[in-house]
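The exercises below are meant to be worked through with the sequence and the model side by side. Each task is followed by a solution that goes step by step.

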Amino acid sequence: MIFVTVGSRKYPFDRLFKKLDELYDDGVLTDDMFAQIGTSEYKPRHGEYKDFISPEEFQEKIAKADIVVSHGASGSVMSALNMGKKVIAVTRLEKYGEHVNDHQIQSNEAFADNHLVLMADPELTDLGECFQKIYDGTDELVPWENKDPMSIVNMIDEFIQENWQ
């Protein structure tokens with residue numbers, strides 16, 4: 001199963017759900033999908049969805065998922081990594097009214113540069129390729145080992161300091 005989560009902020013992420021429908025229409029995706037769509041106005045045509053889910057249901061959906069597609073919220077990404085899931089990180093962009101700025105690019109890049117997630121390009125043009133890498137085993141992702149609770153914060157901070165000064 002594919003679990004898609006975009007959080008509970010007031011910003012829609014219609015672009016993601018349209019792209020996922022295209023991937024189903026093109027036969028790239030065939031797995032069952034459940035999506036937490038937040039305030040998105042576009043309703044996915046493939047799979048089940050709810051606007052919002054409880055924290056308990058969120059954890060249940062991650063546990064059942066083979067692949068988690070998450071917007072660039074580190075809490076959502078870390079929840080999936082802590083359960084050993086393959087994660088595709090997608091980025092909300094300010095220019096589409098999906099967030100207040102483009103900060104998710106930096107956090108998604110930090111996770112991707114450490115081979116913890118696959119990051120779809122911000123325009124989502126390679127989202128299908130990200131799924132394909134997971135399906136054919138060429139994703140090169142490494143399992144997250146949560147030895148130090150601050151290590152992920154330090155990893156993201158170090159990445160930002162090196163790349164965004």
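**Exercise 1. Locate serine 79, decide whether it is buried or exposed, and list its contacts.**

Step 1: Serine 79 lies in helix H3, which covers residues 74-82, where helices (H or I, at least four residues) and strands (E, at least two) are DSSP runs numbered from the N terminus. This is a predicted model, in which local features need pLDDT of at least 70 and side-chain atom pairs count only at pLDDT 80 or more, while totals for chains, interfaces and linings use all residues. Residues are numbered from 1 along each chain as its sequence is written, and side-chain values use heavy atoms, with hydrogens and water left out.

Step 2: Serine 79 counts as buried because its relative accessibility is 18%; buried means under 20% relative accessible area, exposed over 50%, and partly exposed in between (1.4 Å probe, protein chains only).

Step 3: Once its neighbours within four places in sequence are left aside, serine 79 is in contact with Phe58, Gln59 and Ile62, contact being heavy atoms within 4.5 Å.

**Exercise 2. Work out how the buried residues of H5 are arranged and which elements they pack against.**

Step 1: Helix H5 spans residues 127-135, and its buried residues are Leu127, Gly128, Cys130, Phe131 and Ile134.

Step 2: Viewed down the axis of H5, these buried residues fall within an arc of 160 degrees, so they line one face of the helix; the arc is that of the directions from the helix axis to the C-beta atoms.

Step 3: The partners of the buried residues of H5 are strand S1 (2-5), helix H1 (14-25), strand S4 (67-71), strand S5 (86-90) and strand S6 (118-119).

Step 4: Just after H5, glycine 137 has a positive phi of about 75 degrees.

**Exercise 3. Describe the surroundings of glutamine 36.**

Step 1: Glutamine 36 belongs to strand S2, residues 33-36, and is buried, with a relative accessible area of 4%.

Step 2: Not counting residues up to four places away in sequence, glutamine 36 touches Phe3, Val4, Thr5, Val6, Gly7, Phe17, Lys50, Asp51, Phe52 and Ile53.

Step 3: For one of these, phenylalanine 17, the separation from glutamine 36 is 19 residues in sequence and 10 Å in space, C-alpha to C-alpha.

**Exercise 4. Summarise the chain as a whole.**

Step 1: The chain has six helices and six strands, following the pattern β-α-β-β-α-β-α-β-α-β-α-α along the sequence.

Step 2: The radius of gyration of the chain is 15 Å, which agrees with the value near 15 Å for a compact globule of 165 residues; the radius is taken over C-alpha atoms, and the globule rule is 2.2 Å times the number of residues to the power 0.38.

Step 3: Buried residues make up 49% of the 165 residues, and of the contacts with a separation of 6 or more, 58% are between residues 24 or more positions apart.
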